[in-house]
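Reader: Hello! Could you walk me through this model, one question at a time?

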Amino acid sequence: MDRAKYEKDGGPGWQECFELMKKVTDVVTARTQLLDRAIFQFLVGNPDAHAKNYSLLYRLDRIELSQLYDVNNAAAFRSFYNEQRPRLAMVRRGQS
């Protein structure tokens, strides 16, 4: 398993992802989309929303943020677990 994809193991976090949005054609739109996705991941309780689940699309004339994929809605299955310690894949180091 590639543990470096998780921020707590040295992988990129939200700050690095937002910084990367400077590379896209429409920075404001991409950053807004990324923020929307970060909030959505938190609301559905996706503990596996690491940076490898976000991609850039390189088109002939533009670079843009890809559609959201590989979403795990852990919040929908909370009742199936006796004990759950919610964690997010991208949190500031030392806060997991």
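Predicted model: local features only at pLDDT ≥ 70, side-chain atom pairs only at ≥ 80, totals over all residues.

**Overall fold**

Reader: What pattern does the protein chain follow when read along the sequence?
Author: The protein chain holds two helices and two strands. Taken in sequence order, these elements give the pattern α-α-β-β.

Reader: Which element gives the largest share of the largest nonpolar core?
Author: This core has 13 residues, and W14, M21, L34, Y54 and M90 are those with the most contacts inside it. Two or more of its residues come from each of α1 (14-20) and α2. The largest share is three residues, and the element that gives them is α2.

Reader: Which residues does L34 touch, leaving out those up to four places away in sequence?
Author: L34 is among the residues with the most contacts inside the largest core. Once residues up to four places away in sequence are set aside, the residues L34 touches are W14, C17, F18, M21, Y54 and L65.

**Aromatic rings**

Reader: Are the rings of W14 and F18 stacked, edge-to-face or tilted?
Author: A search of the whole structure turns up two aromatic pairs. In the pair of W14 and F18, the ring centres are 6.4 Å apart. Stacked planes would be under 30 degrees apart and edge-to-face planes over 60. The planes of W14 and F18 are at 50 degrees, so this pair is tilted.

Reader: What separates W14 and F18 in helix α1?
Author: W14 and F18 both sit in helix α1, four residues apart. Because of that spacing, their separation is about one helical turn.

Reader: Which residues do ring pairs link into a cluster?
Author: F18 has a relative accessible area of 22%, so this residue counts as partly exposed. Ring pairs bring F18 into a cluster whose members are W14, F18 and Y54.

Reader: Which backbone oxygen does the side chain of T32 reach?
Author: T32 has its place in helix α2 (residues 27-44), and its relative accessibility of 42% makes T32 partly exposed. M21 is eleven residues from T32 along the chain, with 9.9 Å between their C-alpha atoms. The side chain of T32 comes to 2.9 Å from a backbone oxygen, that of V28.

Reader: With which side chain does the side chain of N46 make a polar contact?
Author: N46 lies in the loop between α2 and β1 (56-58). Its relative accessible area is 0%, so N46 is buried. At 2.8 Å, the side chain of N46 makes a polar contact with the side chain of Q41.

Reader: What is the phi of D70?
Author: D70 belongs to the segment after β2 (63-65), and at 47% relative accessibility D70 is partly exposed. Although D70 is not a glycine, its phi is positive, at about 55 degrees.

Notes:
Residues numbered from 1 in each chain as written. Heavy atoms only, no water. Buried < 20%, exposed > 50% of the residue type's maximum accessible area, 1.4 Å probe, protein only. Polar contact = N/O pair within 3.5 Å; in protein donor to acceptor, adjacent residues only side chain to side chain. Core = buried A, V, L, I, M, F, W, Y, C linked by side-chain atoms within 4.5 Å. Contact = heavy atoms within 4.5 Å. Phe/Tyr/Trp six-rings, centres within 6.5 Å; stacked < 30°, edge-to-face > 60°.
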